[in-house]
Amino acid sequence: MRKNNFPEEFLWGGATAANQCEGAWNEDGKGMSVADCSNYKPKADPKDYKAQHGITAADIEKAMKTDDVMQYPKRHGIDFYHHYKEDLDLFAEMGFKVLRVSIAWTRIFPNGIEDQPNEKGLTFYESLFSEMKKRGIEPLVTLHHYEMPLYLVNHYDGWYQRPVTDLFVKYCKVVFKRYKNLVKYWLTFNEIDSVFRHPFTTIGVVTDRYPKEKQEEIIYQALHHQFVGSALATKYLHEIIPDAKMGCMVTRTLTYPENCNPKNCLLALKDNRNNYFYSDVQVFGEYPVFIKNYWKKENIHIHMEPGDEEIIKCYTVDFVSFSYYMSMVSSIDAAKKEKVNGNLSQGVKNPFLDITEWNWQVDPTGLHYALIDMYDRYRRPLFIVENGLGSKDVLQPDGSIIDDDRIDYFRQHTQAIADAIDDGIDIMGYTPWGCIDMVSMSTCQMSKRYGFIYVDLDDENRGTYNRSRKKSFYWYKKVIASNGDDL
Ligand code: BG6
């Protein structure tokens with residue numbers, strides 16, 4: 001058995017999001033969110049994320065007129081809302097020290113604009129966090145994970161209009177006050193860098209409502225409002241729960257140059273810098289010069305209220321969290337090259353890497369690389385809050401699932417984390433994505449599974465919702481019990 005150097009206090013666990021697992025989309029006063037409009041398109045190629053995922057104004061109108069859950073799988077999720085105690089028992093059995101969940105804003109403020117919060121929503125999360133604590137599991141809570149109130153999309157153009165920042169801050173203050181004795185670790189916006197990849201889901205901007213030439217400016221403006229929202233949430237968190245920690249959350253789309261052609265190297269450098277832009281603002285507290293130059297060149301005007309830049313400067317995050325699924329490749333000849341998809345982004349295929357059934361490149365060394373690179377840049381603790389393999393599971397005749405591919409994937413990525421720790425990188429924890437199977441964010445499929453725990457449910461909402469342990473469940477349990485020594 002190899003001896004790794006995971007610190008005693010390393011937070012092993014798993015990650016989820018309300019909109020993909022809770023279900024109960026219209027129970028106990030919950031309002032409709034953007035996720036409730038995202039429909040499963042069985043005929044679309046699951047590798048073609050745009051076809052699967054693109055949402056238009058007409059799609060929203062259609063969604064608002066129906067209570068159907070089959071076509072809109074995030075409405076039923078895996079019914080975590082009613083199963084959470086049994087799911088927490090399974091997480092505790094694996095030895096989880098932390099569980100990443102998100103709060104659905106629409107359970108607390110159904111339309112985002114109410115004067116008073118919805119008590120039933122507050123009670124649900126109070127019970128969820130208390131039950132975690134009882135089992136020795138620390139909550140890590142995302143405030144905004146692809147589930148903003150649909151009302152704000154229709155009446156405020158999503159995050160494009162400034163009042164949404166104030167409404168978000170109001171919601172944050174309510175949950176900080178209510179859970180101040182239960183939650184220490186918080187994240188502001190899930191994958192804040194994904195605003196351009198899927199603007200409806202992230203900032204509630206329905207692009208076909210605006211002229212093409214205005215769309216980029218609108219997205220940057222909405223993003224600015226999120227940056228201010230993130231800084232203010234951090235300010236109030238520190239005031240209301242002084243020992244709590246706030247993290248930003250980005251998708252680390254690590255990009256390699258296709259080869260040592262200096263032009264490819266420069267391109268990859270710029271692609272990485274574009275990816276870092278989002279966390280740079282939240283960590284360094286200012287917009288990078290290259291973005292301001294870009295705005296000038298492209299005639300993009302961002303309206304900032306007096307004091308916005310000071311707020312962003314003063315209230316930076318305590319730690320940097322990120323998702324890591326794959327690496328990308330940049331090439332000046334990209335147009336002529338074979339492409340791979342992944343997480344709604346596209347890059348040139350890397351001949352040295354395997355790809356998953358959904359065309360995502362698997363690159364554990366890239367995680368080691370990303371950890372060194374991010375720590376050198378930010379010098380703040382890092383937290384890997386998503387990583388995992390989406391694949392189809394095959395049920396054996398006895399009902400078991402032998403997911404050796406998943407085990408291999410996690411073995412290699414966990415080793416990469418151990419190697420980065422050896423290099424002196426300060427890593428707070430590791431929460432693999434979809435520790436229990438849930439509805440896929442991009443394709444709304446159930447069959448794209450990430451979990452250590454199997455949920456008996458198919459893409460058409462057929463199944464018992466029963467939970468069972470996969471082979472990887474026992475593997476991860478052993479890893480946690482040995483604090484990362486027994487991989
Ligand atoms: C991340 C998201 O981008 O990737 C999650 O934060 C998502 O919400 C995860 O589920 C995996 O993507 P998908 O589309 O395979 O579910």
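Mentor: Two residues are in contact if their C-beta atoms, placed from the backbone, lie within 7 Å, and the structure to which we apply this is a predicted model.

Trainee: Which residues does Phe91 touch, not counting residues up to four places away in sequence?

Mentor: With those left out, Phe91, which lies in helix H4 (residues 80-94), touches Gly14, Phe96, Leu99, Ile137 and Cys435. As for Ile436, its C-alpha is 8.9 Å from that of Phe91 in space, although the two are 345 residues apart in sequence.

Trainee: Why is Phe91 called buried?

Mentor: The cut-off for a buried residue is 20 or more other C-beta atoms within 10 Å of its own; Phe91 has 23 such neighbours, and therefore counts as buried.

Trainee: What makes Glu386 count as buried?

Mentor: Against the cut-off of 20 or more, Glu386 has 25 C-beta neighbours inside 10 Å, so Glu386 counts as buried. Glu386 is found in strand S13 (residues 382-386), and, leaving aside neighbours within four places in sequence, Glu386 is in contact with Ala15, Ser323 and Trp433.

Trainee: How do you know that the feature "active site" is at Glu386?

Mentor: That placement comes from UniProt, in an unreviewed entry, and such annotations may be inferred rather than shown by experiment.

Trainee: Which residues come nearest to the ligand, and what classes are found in the shell around the ligand?

Mentor: Of the 15 residues around the ligand, Ala17, Gly390, Ser440, Met441 and Ser442 come nearest, and by class the shell has three nonpolar, nine polar and three charged residues.

Key
Residues numbered from 1 in each chain as written. Predicted model: local features only at pLDDT ≥ 70, side-chain atom pairs only at ≥ 80, totals over all residues. Near = placed C-beta within 6 Å. Nonpolar A, V, L, I, M, F, W, Y, C, P; charged D, E, K, R; others polar. Helix = DSSP H or I, 4+ residues; strand = E, 2+ residues; numbered from the N terminus. Buried ≥ 20, exposed ≤ 12 C-beta atoms within 10 Å, placed from the backbone.
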